[in-house]
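Subject: Structure handover and notes

Hello,

Here is the structure you asked about. Please open it next to these notes, which follow the file.

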Amino acid sequence: MSLLAIQHLSVSYGNIQAVSRADFTVDEGERVCLIGANGAGKTTLLKAIAGMLPVAHGAIHFAGQSITRLASHQIVHLGLALVPEGRGIFSRLSVQENLAMGAYIRRDKAAVQQETNEIYQRFPRLGERRNQPAGQLSGGEQQMLAIGRALLSRPRLLLLDEPSMGLAPLMVKTIFETIADVAERGVSVLLVEQNARLALATCERGLVMERGEIALQGAAATLAQDATIQRAYFGV
Amino acid sequence: MDIFVQQIINGLVLGSVYALVALGYTMVYGILELINFAHGEVTMIGAMVSLTVISALVGVGVDLPGVVIVLLGLLAAIPVCMGVGFTIERLAYRPLRNAPRLAPLITAIGVSIVLQNIAMLIWGRQYISFPPILPQGRHQILGATITDVQIAILVASVVLMLGLTLMVKKSRLGRAMRATAQSPQIAGLMGVNANTVISLTFILGSALAAVAGVMVSAYYGLAHYYMGFLLGLKAFSAAVLGGIGNLAGAVLGGLLLGVIESLGAGYIGGLTGGVLGSNYQDVFAFFILILVLMFRPSGLLGERVGERA
């Protein structure tokens, strides 16, 4: 049974129907990417799954229960975390406090401390700056912080919205290595990414979104070979 | 010299009461960007409820020390004010959470008038006097006098302010409050229920207002259904003076406003050759407020608007 199941999902943004009749699943341990042009509805779809936007029609099931009408602060308890577009770090809170917010729903202090230290080992820059306001970090460091913070809620499914946006190539590499590592440890990933080539190389399956609809889905390797996709998204 | 020291002491005492009320304004503003104009009335209700309990206890001739009776009055006022603060937010502000900003502002003024009128119906229009049950000790310091009540107000204010600062800076709830202030949506992704945090903010601010209400009625020896208006206005001004949304700013603004007001009251007659008397102290305080805001529109410790995420 799939971990995340989206059935006939429609989401409106004001008067615009930003997502219409989307159908797809993400299985336990699977990495799925969602590619498409700007304004195709990718961010809206992720926000609706995470409970930040109301669902107009259709249903979202996560880990066997309906989360269609749940708010984001309830959904995170079930093991679904979103790294939002633009990272969404708390710029006036320190790095350490941002991570503590990631573990807000947890009471097992010792394990949280342990995992926080692991994040500092993985991203030494965060450890060095743990007491500084997070707003002082560079874009890449903020992205690391946002991912580390999301992981501290111990998600079964991690949603990532454009993690490479505005980052230097070396930083993009680090971020994607981290995503691959996270998936290795059994966390499912649903990745929205502008860089379609990189996204399809990182994931097992791909979804292509066009004007609010899932136009195409299939194995990432197959999609990467697709001439239409290459023309539209790889810039060849 | 001794007049100067005396006015500074009086100003700090008054200012610490303003600061406690200002903290309530600034906490709510920090999270909702809403000026809760009814906050002054919560202070008034704190004073009224505690005075009712204190008068009743004194009336039946309870054999307890005055301090204990006042503390019992305070213990009654705090939960009532917490309930009032919670209810105001739940009934008046939450339905307007996504309305244009003018709507909750007008509602706040409306709530303030409603609370005044309810208080007038319950307690009447007359001044209620504070029974003289507190110790009346006076102490000499640097040529000025400080009373037991003044010392108690200063000490209690400092303890409450330190406690609040510690809570906001170090506790899980405080962190959630600061995160919600910055982005309720992102805090929601972390599992923070913004509505709970907002309710708790109102409850906390109202508890401080209850204490301030008891302090101010003990200090002046009076309470009145209309007392919340000017007190609220001054505390709000103190919060703006310090930089609204900033806790340290509310404390600084409150203390400054209190001191300026007291110095104004002490010296305004001499400075103007007797044209203006000490009853112009409020004018003096607000004049300074306007002056500061002309040069620092975001207040003394306020951030420039652009720094808010």
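Two strands are said to pair if DSSP finds at least two bridges between them. Helices (H or I, at least four residues) and strands (E, at least two) are DSSP runs, numbered from the N terminus. The model is predicted: local features need pLDDT of at least 70 and side-chain atom pairs count only at pLDDT 80 or more, while totals for chains, interfaces and linings use all residues. Residues are numbered from 1 along each chain as its sequence is written, and chains are lettered from A and ligands numbered from 1 in the order in which they are written.

**Chain A, six-stranded sheet**

In chain A, six strands make up an open sheet with mixed pairing, in the order β6-β7-β8-β3-β9-β10. β6 and β10 (213-219) of chain A are at the edges with a single partner strand each, so one side of each has no neighbour in the sheet. On average, and ignoring direction, neighbouring strands of this sheet are turned by 15 degrees against each other. Such angles run from 0 to 180 degrees between N-to-C directions, and the axes are lines fitted to C-alpha atoms, for helices over the stretch in contact.

Strand β6 (residues 80-83) of chain A is parallel to β7(A), with four bridges between them, and A:L82 stands opposite A:L159 in β7(A). β7(A) also pairs in the parallel sense with strand β8 (residues 188-192) of chain A, over five bridges. The bridge partner of A:L158 in β8(A) is A:V189. From β7(A) the chain crosses to β8(A) through helix α7 (residues 169-184) of chain A, a right-handed β-α-β crossover. Right-handed here means that, with the strands pointing away from the viewer, the path from the first strand over the helix to the second runs clockwise. α7(A) lies across β3 (31-36), β7 and β8 of chain A and runs at about 150 degrees to β8(A).

How many of the residues of strand β7 (residues 157-161) of chain A are buried? Five of its five residues are. A residue is buried if 20 or more other C-beta atoms lie within 10 Å of its own, exposed if 12 or fewer, and partly exposed in between, with C-beta atoms placed from the backbone. A:L157, A:L159 and A:D161 cover one side of this account and A:L158 and A:L160 the other, and all are buried.

**Chain A, four-stranded sheet**

A further open sheet has four strands in the order β2-β1-β4-β5 (chain A), with antiparallel pairing. Its edge strands, β2 (16-26) and β5 (65-66) of chain A, each pair on one side only. Strand β4 (residues 57-62) of chain A and β5(A) run antiparallel and are joined by two bridges; A:F62 has A:Q65 as its bridge partner in β5(A).

A:L4 lies in strand β1 (residues 4-13) of chain A. This residue counts as buried because it has 23 C-beta neighbours inside 10 Å. Apart from neighbours within four places in sequence, A:L4 is in contact (C-beta atoms, placed from the backbone, within 7 Å) with A:T25, A:V26, A:F62 and A:L157.

**Chain B, helix pairs**

Two packed helices are described by the angle between their axes and the distance between the axes.

- Helix α1 (residues 2-32) and helix α2 (residues 39-59) of chain B have axes that come within 10 Å and cross at roughly 135 degrees. α1(B) is therefore oblique to α2(B). The contact involves B:V21, B:G24 and B:Y25 of α1(B) and B:H39, B:G40 and B:T43 of α2(B).
- Helix α3 (residues 66-93) and helix α8 (residues 194-220) of chain B pack at about 140 degrees, with their axes 7 Å apart.
- Helix α10 (residues 247-271) and helix α11 (residues 281-295) of chain B pack at about 130 degrees, with their axes 8 Å apart.

On oblique: angles under 35 degrees count as roughly parallel, over 145 as roughly antiparallel, 65 to 115 as roughly perpendicular and the rest as oblique.

**Contact between the chains**

The contact takes 21 residues from chain A and 15 residues from chain B. On the chain A side, the largest share, four residues, comes from α3(A).

Regards

Key
Contact = placed C-beta atoms within 7 Å.
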